Amino acid sequence: MIEAERKQQDRVGDLLAEISEHVDESNCSKDAEAILWGRVAKVSEECGEAVAALIGATGQNPRKGVTHTLYDVKDELLDVALTALAAVEHLSANKGCSMYLFSEHVFHVYNRLLRVEADDDKG
């Protein structure tokens with residue numbers, strides 16, 4: 001099963017690279033710095049959409065009431081993740097390595113968490 005999961009992860013990385021290439025091609029008339037700023041700023045825009053969905057799902061705007069579901073919030077959060085990973089692909093020359101880099105980052109953060117918990121247990 002692990003080999004199948006690795007193949008799926010590689011396939012997702014390849015798809016993210018294709019998505020990133022498509023975005024890059026649609027911005028080819030812009031200079032490289034403008035493209036990079038646009039890619040990273042798009043992550044913030046997607047975060048705003050996730051917050052708007054959460055506001056809508058919890059009815060925080062009394063004028064509008066409940067306008068979204070928690071499914072909508074999850075969908076928007078996945079858009080944030082996809083946009084961020086596609087930006088990582090852009091920074092990695094669209095080589096399909098974003099899922100590997102993400103996995104490595106998850107392990108790094110998890111290990112850091114374990115070290116903090118171990119230090120808390122000592123103190």
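The model is predicted: local features need pLDDT of at least 70, side-chain atom pairs count only at pLDDT 80 or more, and totals for chains, interfaces and linings use all residues. Residues are numbered from 1 along each chain as its sequence is written, and side-chain values use heavy atoms, with hydrogens and water left out.

**Exercise 1.** State how many helices and strands the protein has, and describe how spread out it is.

*Solution.* Step one: the protein has four helices and zero strands, where helices (H or I, at least four residues) and strands (E, at least two) are DSSP runs numbered from the N terminus. Step two: along the sequence the pattern reads α-α-α-α. Step three: the radius of gyration, taken over C-alpha atoms, is compared with the globule rule, 2.2 Å times the number of residues to the power 0.38. The protein has a value of 18 Å, well over the 14 Å that the rule gives for 123 residues, so it is more spread out than a compact globule. Step four: along the principal axes, the C-alpha atoms fill a box of roughly 55 × 50 × 35 Å.

**Exercise 2.** Find which residues of H1 are buried and what covers them.

*Solution.* Step one: buried means under 20% relative accessible area, exposed over 50%, and partly exposed in between (1.4 Å probe, protein chains only). Step two: the buried residues of H1 are Gly13, Leu16, Ala17, Ser20 and Asp24. Step three: their cover includes helix H2 (32-58), H3 and H4. In the protein as a whole, 24% of the 123 residues count as buried.

**Exercise 3.** Describe how H1 and H4 pack.

*Solution.* Step one: the axes of H1 and H4 are 7 Å apart, at an angle of about 120 degrees. Axes are lines fitted to C-alpha atoms, for helices over the stretch in contact, and angles run from 0 to 180 degrees between N-to-C directions. Step two: angles under 35 degrees count as roughly parallel, over 145 as roughly antiparallel, 65 to 115 as roughly perpendicular and the rest as oblique. H1 and H4 are therefore oblique to each other. Step three: with contact meaning heavy atoms within 4.5 Å, Gln9, Val12, Gly13 and Leu16 of H1 meet Ser98, Met99, Tyr100 and Ser103 of H4.
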